[in-house]
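The sequence and structure are shown first.

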Amino acid sequence: MDIADPNPFGALPGTAVGVTLLEAQALSMRYKVAGGGMLHAVDSVDLTIGSGECVGLVGESGCGKSTLVRLLARLADPTSGRILLDGQDIAAVSQARFAGMPQRARIQVVFQDPSESLNPAFRVFQSIADPLRRLLGLKDQTKLIERVRRAAELVGLPPELIERYPHQLSGGQRARVGIARAIAPEPSLLILDEPTSALDVSVQAVILRLLADLQARLGMSYLFVSHDLNVVRLLCSRIVVMYLGRVVEMAPAEALFTGARHPYTQALLGAIPDPAKRGEIRSRLDGSPRSPIDPDPNACRFHGRCPKGTERCATEMPRLTPAGQGHVVACHFA
Amino acid sequence: MTAQLSVEDFSLVFRTRHGTVRALEDVSLSVERGEIVGVVGESGSGKSVLAYAVMGLQDAAARVQGGRIRFAGLDMLTASEGALAGVRGRELAMIFQSPRTALNPIRKVGRQIEDILRQHANLPGRDLRDQAIAALARVRIPDPQRRYEAYPFELSGGMCQRVMIAMALACSPFLLIADEPTTGLDVTTQAVIMDLIRDMSREARMSTLLITHDLGLAGEYCDRIAVMHAGHVVEIAPAAELLSRPAHPYTQQLLAATPTPRSTVEGLVSIPGQLPDLRHDLPPCRFSARCARHSPICDEKPLPWTSLTPTHSVRCRVPLWG
């Protein structure tokens with residue numbers, strides 16, 4: 001494994017403030033599709049996550065959020081690009097080898113639906129202990145029990161539930177188990193993939209408060225993936241917007257919500273249901289995204305669906321350019 | 001105005017191996033012509049059971065315990081299966097959750113719309129195709145001639161939902177029941193679909209019963225909102241008033257738990273406790289165990305409806321106002 005220069009290209013646009021924990025450089029993932037062609041799931045993404053920072057990742061289904069999560073969590077090998085964790089390129093080793101490395105424990109994921117992602121044959125104890133055994137090599141039973149108990153306590157899971165199976169738990173309790181097993185190895189980065197989308201609002205509120213509290217107490221960084229912008233803004237200080245495999249805008253949360261520059265971000269924000277806008281006729285983003293298979297490298301991915309699109313957008317791919325404090329946007333007209 | 005749909009004191013139980021689940025109790029609500037009424041509640045509150053009951057589609061384990069459901073003059077609970085079949089699909093239509101599983105995967109979507117028209121519209125066979133294409137065009141599906149030939153797997157989730165809506169609207173129903181029509185869709189697609197449902201209601205004076213867990217969505221699109229909790233309708237009011245002046249403690253807490261563009265994580269309220277087990281003996285107010293305002297008077301039977309204004313009713317002994 002090579003030790004890379006912590007910041008070889010200088011500060012990238014949209015760089016996190018403070019110490020950088022994780023940095024993706026020109027990260028791409030392409031899949032061969034049947035019938036020829038390459039599907040560009042993630043296309044040359046640059047992204048930084050600061051130590052203790054909470055970054056939100058939003059975009060429509062099919063925009064490459066989940067693939068990006070799989071790449072950053074090192075559950076898949078990127079086609080090209082680098083992922084620096086504390087300056088070390090962790091994308092240089094294969095996913096299979098990474099699974100055995102000590103850094104594996106430093107990036108953990110809370111998956112979408114806790115009912116689906118917990119092993120139904122594992123009691124809560126086993127679910128939480130499993131990553132401790134595998135990633136930290138913890139074998140001492142007393143220490144293991146201690147660590148599991150502590151993780152359960154941190155997420156507010158009553159001790160009497162530790163011997164239960166997932167089907168004996170409520171949705172909120174399962175969500176807590178999913179979080180407990182992810183934080184048990186004390187990761188530096190917690191990736192939350194739609195952690196509350198399967199939950200009712202009253203339970204969602206509890207889990208969001210828990211996540212905010214855990215971050216404050218443990219100082220982890222979060223990458224929070226969600227389709228619900230109202231939820232993202234509650235926890236995240238910086239937000240990344242993806243469209244068809246590319247980052248189209250990145251900004252501090254407040255700047256994004258009050259002054260989004262990219263037409264896609266504007267459409268996304270405008271589509272949030274808001275009782276205050278009852279009966280208003282709002283412009284809607286119609287149609288569907290272009291095909292992600294062999295997209296024209298010289299055209300803006302949003303062209304064709306964009307209300308502002310012109311000839312130039314079809315012939316010149318806009319690059320991410322600064323648009324204010326920590327704010328970058330990829331649009332010719334922003 | 002005459003109510004297109006009226007549900008009065010409707011109660012329904014499910015007989016299961018593990019006891020009788022009292023899924024709906026004394027549910028009352030009405031939908032007027034051209035009105036969009038939202039039914040909002042958390043999972044397990046009985047929203048979908050109510051929607052299916054209105055369609056006359058009950059599970060074999062379901063037993064109606066009392067009350068009436070009237071739709072356009074027809075008593076849905078005593079009508080024959082033949083009479084119900086004649087109404088469903090024509091005057092009464094439903095959009096189901098997860099359009100991809102509700103559509104027939106091995107039949108072209110255009111053909112599926114034709115099936116509905118053939119059953120109900122009494123059209124000459126040669127007109128069916130044109131009518132099906134017109135139905136697709138009405139829900140603003142681009143290039144409807146081509147989409148007619150598509151199978152559900154070839155269409156995106158949003159497109160499939162539009163096909164479902166096209167099917168539901170093909171016979172210009174009087175009442176549309178939309179059961180979480182946008183769950184699982186992207187916000188941008190959700191907005192387009194909901195605009196479409198709203199416009200169709202306005203243009204054709206169609207009534208809509210919108211089942212959703214999203215208070216923000218109901219607040220933007222519905223004329224009135226009914227809030228359900230554990231098989232009870234606990235409050236019903238004009239949408240804007242329900243959101244700004246809720247009277248039931250549960251409604252207030254549900255609102256405080258829903259993230260809005262103005263909420264903070266500290267300000268989000270979590271509702272203590274859980275839905276009660278509907279198989280057990282239940283107090284008259286099913287929210288009482290979770291309610292901070294609970295007092296001995298709440299345990300007196302029966303739990304009455306209180307009319308705070310002519311259009312705002314609440315089922316609570318100690319409402320927040322009034």
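B:E220 and A:R282 form a salt bridge whose closest N and O atoms are 2.3 Å apart; the term denotes a side-chain nitrogen of Lys or Arg within 4 Å of a carboxyl oxygen of Asp or Glu. Across the interface of chain A and chain B, the rule finds four salt bridges. The model is predicted, so that local features need pLDDT of at least 70 and side-chain atom pairs count only at pLDDT 80 or more, whereas totals for chains, interfaces and linings use all residues. Residues are numbered from 1 along each chain as its sequence is written, chains are lettered from A and ligands numbered from 1 in the order in which they are written, and side-chain values use heavy atoms, with hydrogens and water left out.

**Interface**

Between chain A and chain B, 13 residue pairs are in polar contact, both residues being at pLDDT 80 or more. A polar contact is a pair of N or O atoms within 3.5 Å; within protein, one must be able to donate a hydrogen and the other to accept it, and residues adjacent in sequence count only if both atoms are side-chain atoms. On the side of chain A that touches chain B, the elements giving two or more residues are α7 (201-218), α8 (229-235) and α10 (263-270) of chain A. Helices (H or I, at least four residues) and strands (E, at least two) are DSSP runs, numbered from the N terminus. The largest share of this side, eight residues, comes from α7(A). By class, the side comprises 16 nonpolar, seven polar and 12 charged residues; Ala, Val, Leu, Ile, Met, Phe, Trp, Tyr, Cys and Pro count as nonpolar, Asp, Glu, Lys and Arg as charged, and the others, Gly among them, as polar.

The contact (heavy atoms within 4.5 Å) takes 35 residues from chain A and 39 residues from chain B. The two chains bury about 3,100 Å² between them, 54% of it on carbon and sulfur atoms. Buried area is the accessible area (1.4 Å probe) that two parts lose on being put together, summed over both.

**Salt bridges within the chains**

Over all chains, the structure holds 35 salt bridges.

| Pair | Closest N and O atoms |
|---|---|
| A:R74 and A:D77 | 3.0 Å |
| A:D213 and A:R217 | 3.1 Å |
| B:D143 and B:R146 | 2.9 Å |

Salt bridges that share partners join A:R282, A:R284, B:D195, B:R198, B:D199 and B:E220 into one network.

Accessibility is classed as buried under 20% relative accessible area, exposed over 50% and partly exposed in between (1.4 Å probe, protein chains only). A:R74 is buried at 1% relative accessibility, whereas A:D77 is partly exposed at 36%. A:D213 and A:R217 both lie in helix α7 of chain A, four residues apart, about one turn of the helix. A:D213 is partly exposed at 32% and A:R217 is exposed at 51%.

**Buried elements**

The buried residues of α10(A) are A:P263, A:Y264, A:T265, A:L268 and A:L269. Their cover includes α8 (187-204) of chain B.

In strand β6 (residues 92-95) of chain B, B:L92 and B:M94 point one way and B:A93 and B:I95 the other way, all being buried. β6(B) pairs in the parallel sense with strand β7 (residues 175-179) of chain B over four bridges, where pairing requires at least two bridges found by DSSP. B:A93 stands opposite B:L176 in β7(B).
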